[in-house]
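Biologist: Please take a close look at a single part of this chain and describe its surroundings in one connected account.

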Amino acid sequence: WFKKQPHGTKIDIGSSKTEWPNSMANLKEVLNQNVREAAPELCEKLDRDRVRCFSCGHCCPIADGQAGVCKVRFNQGGTLQVPWGYVGGVQCDPIEKKPFFHAFSGALAYSFGMLGCDLHCSYCQNWVTSQALRDPHAVSAPLRMTPERLVREAVNQGARLVVSTYNEPLITAEWAVSIFKEAKAAGLATAFVSNGNATPQVLDYLRPWIDLYKVDLKSFDEQHYHQLGGRLQPILDTIRRLHAMGIWVEIVTLVIPGFNDSDDELKRLAGFLAEVSTDLPWHVTAFHGDYKMTEPEDTTVKSLMRAADIGRQAGLNYIYAGNLPGNVGEMENTRCSDCRELLIERLGYGITQYRLTSEGRCPKCGKLIPGRWDTAFRKQISSHPYVPCLRVPTDLIGIS
C-alpha cells in the first residue's frame, strides 16, 4: 500500500513484514485495549453474561471472555467491546477503484480500514488487514487515529467522500459511524466496501450516515459461501434491503475460474440482481492469484465478456468488466441504457470523457441515469491510488 512520497515520513502499516507487534498475541492484546462498548442497537444481553452481536450475519452469541467469529468484537464481563481509535491502513483512491461507477465520477475517496473480518476468503487481496488475527503472516501494526483527524486529512487531500474498506467494515460499524458523522458535518459523502454479510440491525444503524454501499457477491452457491466462512442468504437479503432503503448500491463479482464462473451460477446470480433492479451496476472483475489461492489461472477477457453477456441477457442495464484496463473495450464505459449514447469514458480508474448533464441525464435523450452524481465533473485529483502523508511515527499504537 504505502509508497514513498516527496514530503513527510511514511509509516508502513500494511506490510506483512512489519516487526511490530511481533506476534498475533501481542497484536490481540493491543487491539483489546483500543475498544469501546458496542452500540446498544448492535447487541443484546443473554443469560450467563453472554451477549449476542448483530454487526454481521453470523449473529454470534458470545460467552464472557470470548470473541465472535470476527475475532475483534469480544465479551468482557457481559459487555460487548468493539474496535475503536485506530486504523489498519489509509489510502487515497479514485472512487472508480472501489469500484463505484455511478457515483461522484472522478472523485477522490479517502479510504480507511481497521483489522479483522467475518469471512476467511483464501484469495483475499486485503489479507494483511482482514486476516490479521487469524494468520501470523498478516500481522499489521495499527495507527492511532481520531474521527476528527481522519476527516480533516480527507478534506486536506481534496476528497469527496470517506470510505470504510480494506477489512470488513460491518464488524467495525461503530467506528465507521463516528467517522461518517464527522464527514457529513464537513460536507463529505460516505461509503462501505463490504462483503454484504449484514443484519437488519446494522443496516438500520448505518442508514442515517451512509450514502453508497458496494457489495461483493462472491458466488451464488451455498457451498461456495461455506468455504469462505459465510452463508449466501444474508448477502442476498442485504442487497434487497439496501436497495429498498434508497442507499446507492453497486455489486462486484470476482470471476474465479473453476469456482464461480459456470454459466449456470452466473445466470442465477445475474437473474437475482435483475429481480432486485435492472439498474443495479454489476462489476464482473478478473481474478489473479493472491494470498492462499494461486492454483487457478487468471481470469481471461473472454471469460469476463461471457459473464457480461449473461448479465445483459438477464436484463441488467449497467455491466462493467474490471481489472483488465484497456482490454475490455466498451465494458469500462457508461452508456445510456435507452439510446446507447456514451456518457462516461474510462481507462482503468481514469475518466477520459464525462458527458452527463448537471441533473445526471443523458445529453442526447434526456434519460435520468441512476446513481449519485455531482452537478458537474470536478476533474480528477488522481487517477491512481496514493498514500497521504502520515507524519508522526509515534502514532503507532503501543510505541512511545
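**The surroundings of His-102**

Modeller: In this predicted model, His-102 touches Trp-248, Glu-250, Pro-281, Tyr-318, Tyr-320, Thr-334, Ile-369, Pro-370, Gly-371, Arg-372 and Trp-373, leaving aside residues up to four places away in sequence. Of these contacts, Pro-370 also has its backbone oxygen 2.8 Å from a polar atom of the His-102 side chain. His-102 itself belongs to the loop between β8 (89-94) and β9 (108-113). Its relative accessible area is 0%, and because buried means under 20%, His-102 counts as buried.

β9 runs parallel to β11, and 4 bridges join the two. In this pairing, Phe-112 stands opposite Ser-164 of β11.

Strand β11 comprises residues 161-164. Leu-161 and Val-163 point one way from β11, while Val-162 and Ser-164 point the other way. All four of these residues are buried.

β11 also pairs with strand β12 (residues 189-194), again in the parallel sense and over 4 bridges. Here the bridge partner of Ser-164 is Phe-192 in β12.

Note on methods:
Residues numbered from 1 in each chain as written. Predicted model: local features only at pLDDT ≥ 70, side-chain atom pairs only at ≥ 80, totals over all residues. Heavy atoms only, no water. Buried < 20%, exposed > 50% of the residue type's maximum accessible area, 1.4 Å probe, protein only. Polar contact = N/O pair within 3.5 Å; in protein donor to acceptor, adjacent residues only side chain to side chain. Contact = heavy atoms within 4.5 Å. Pairing = 2+ DSSP bridges.
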